[in-house]
Structures are given as structure tokens and as C-alpha cells.
Amino acid sequence: MKDPKSDSAKLGHDFGIGTEKKRNGQMERKVYFVGAGPGNPKLITVLGREMLEKADLVIYAGSLVNPEILNYTKGKTVDSYGLTLEETTKMIADAVDLEKVVVRLHSGDPSLYGAIIEQMEELKKYDIRVERISGVSSVFASAVALGTQLTLNGISDTLIITRPAGKTMEKDLITELSAYNTTMAIFLGTQKIREIMEKVRCPKDTPAALIFHASWEDEKVITGTVGDIAEKVEDAGIMRSAMIIIGGVVNPINYRRSHLYGMAPKSL
Ligand SMILES: C[S@@+](CC[C@H](N)C(=O)[O-])C[C@H]1O[C@@H](n2cnc3c(N)ncnc32)[C@H](O)[C@@H]1O
């Protein structure tokens, strides 16, 4: 019978992460997919940083990974911007053939809009296994920049993470999802902010914000409402690399205390 644990060990966390295991006297054929975090070089995980220090080759998503993070590596660095999936895969495979330690560095956490499953499929063709190291998503750095929580008692207990339609997606669900009156975090939407605000079903005075480069030195936060945020963002000339947050949590007033503190353990 199949051991259920063997699958989870293959797909999930490998607690030997970062250790170069040898199989039949040969290095295991693997690549590390590392979340770089939202931008501030100190917001990469300890494990992620250790892998960068060990890496011989780092292929990074140039548009959103802060170049300062590359100071952690002495290896060769390649910006994947403009490279096809096949070209990136071949580059990884060639380095693995030479027993090099290879890191594929993604912004934030690779499991959000990171297109990693398709890379893993391609790498399988070269018999290369992927070990993943989580990162801090920009959605969490955006909450910090805003000085709020994404879920807040009495305002919203639900967070919807979504994105507008674009080159790689025909239709989005922003109108439908906005009817739930929850917190919405919208990735990849900076250039479409006017369109997004026109299609949401929330009242025009619903709080809304745009956070550019959360956690970077040039971080900018613009707050307003569904009715006026698009104009404010356009006036500020921000066109990319920003998170849109819609909902009462943007302006955290009239929330209810969580009662997490100061209670007898029995009633928790
Ligand atoms: C391809 S997605 C990658 C998201 C990433 N995996 C994450 O977890 O943050 C790129 C989008 O993430 C958002 N983003 C990434 N870094 C950001 C940052 N530092 N501040 C605000 N938004 C950011 C923007 O919406 C951007 O268009």
C-alpha cells in the first residue's frame, strides 16, 4: 500500500531543506524556489537568505525583487525578465547538470501569482525536484504600511485575494466578490485602478487604499474611498508594483475588541 506520508514529504516541506543530499554518490537534482519577501531585504526568511548565501546561480524576477537582496549571494545572478519558461528551465537544468546550487527567487511568497506549478512541471522533464521556501507576501507588508489588520473584529472576518483580468486572464470576479462586503486585496491592478473602482459593488464611500512598494524605502500609501482613490493614484503617477486594499479595515474605526486579551482561559 502507498504510504500517504511519502507523497506529503515529496510535495510539502522538506525538513532537510538546504542540505545537499547525495543519491548514489551523486548530488540530488534540485532547485530552490525562494520567496524574497515584499522588498525590504530584511524581510526574507532566515532559510531563504541561507540559500542565497549558498547559491551558485540565482535567477530572480527582476521587476519586483529588490536588487539589494542579491547582495546576500556571491553566485551569478540572472534577471528572468523577458526569458521564456523553457529558457529559464534550461538555464536551471544546465547549472544542475554541473552540480551547482540554484535558487529561483520570486517576489513575496511564490504561492501567490508566482506561476510556480508550471515551472515545476517543466523541471520534472529534466528530473529536477523543487524545494520551496516561503516568503512574506506583499499583502502582509501592505497591511503593515497601512497600519491595520486585514481581518478586524466587527469590520471584516474575511480576506479576498484576487486580481483583475489581464493578458493572462480573460475574466475576473471582482464585481461578484465585492458584493460580500469583506476586505479585498487586489494584486496586479495598479494600472486598472479606475476600472476596478467602477466595477466594484461597494458604496462609493467605502475606504480604499493603494500601497506602492510596501516595505521598500520608497514605499507610498494613498488612502481614500472607492469614489476617489483612482484619481488620487493617477495624480500621484503610480502605475505599477502596488497593492489595492478595499474595505473598512483601511480606516480601522468602529471595530469591536477581539476579547482575546484579559479573559479567563476557561472562556476562550
Ligand atoms: C506577480 S505578483 C507577485 C506577488 C507576490 N508573490 C507576493 O506574494 O507578494 C506582483 C504583484 O504583487 C503586488 N506586489 C508585489 N510586491 C509588492 C510590494 N512590495 N508592495 C505592494 N504590492 C506589491 C503588486 O500588486 C504586483 O503587481
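Modeller: Two strands pair if DSSP finds at least two bridges between them. Strands (E, at least two residues) and helices (H or I, at least four) are DSSP runs, numbered from the N terminus. Two points on the source. Residues are numbered from 1 along each chain as its sequence is written. The model is predicted: local features need pLDDT of at least 70, side-chain atom pairs count only at pLDDT 80 or more, and totals for chains, interfaces and linings use all residues.

Start with one pair. Strand E3 (residues 30–35) runs parallel to E7, and 5 bridges join them. Phe33 has Arg132 in E7 as its bridge partner.

Take Val103 next. Two residues are in contact if their C-beta atoms, placed from the backbone, lie within 7 Å. Neighbours within four places in sequence aside, Val103 is in contact with Tyr32, Val34, Met51, Leu52, Ala55 and Val58.

Val103 also belongs to the largest nonpolar core, which has 61 residues. Such a core is a set of buried Ala, Val, Leu, Ile, Met, Phe, Trp, Tyr and Cys residues joined through C-beta atoms within 7 Å. Buried means 20 or more other C-beta atoms within 10 Å of a residue's own, with C-beta atoms placed from the backbone; exposed means 12 or fewer, and partly exposed lies in between. The residues with the most contacts inside this core are Val102, Val103, Leu210, Ile211, Ile244 and Ile245. Helix H5 (residues 138–146) gives the most to the core, with 6 residues. At least three core residues come from each of domain 1 (4–133) and domain 2 (138–250); these bounds come from an automatic or database domain assignment.

Last, the chain as a whole. The secondary structure comes to 8 helices and 12 strands. Of the 268 residues, 37% are buried. Among contacts with a separation of 6 or more, 69% join residues 24 or more positions apart.
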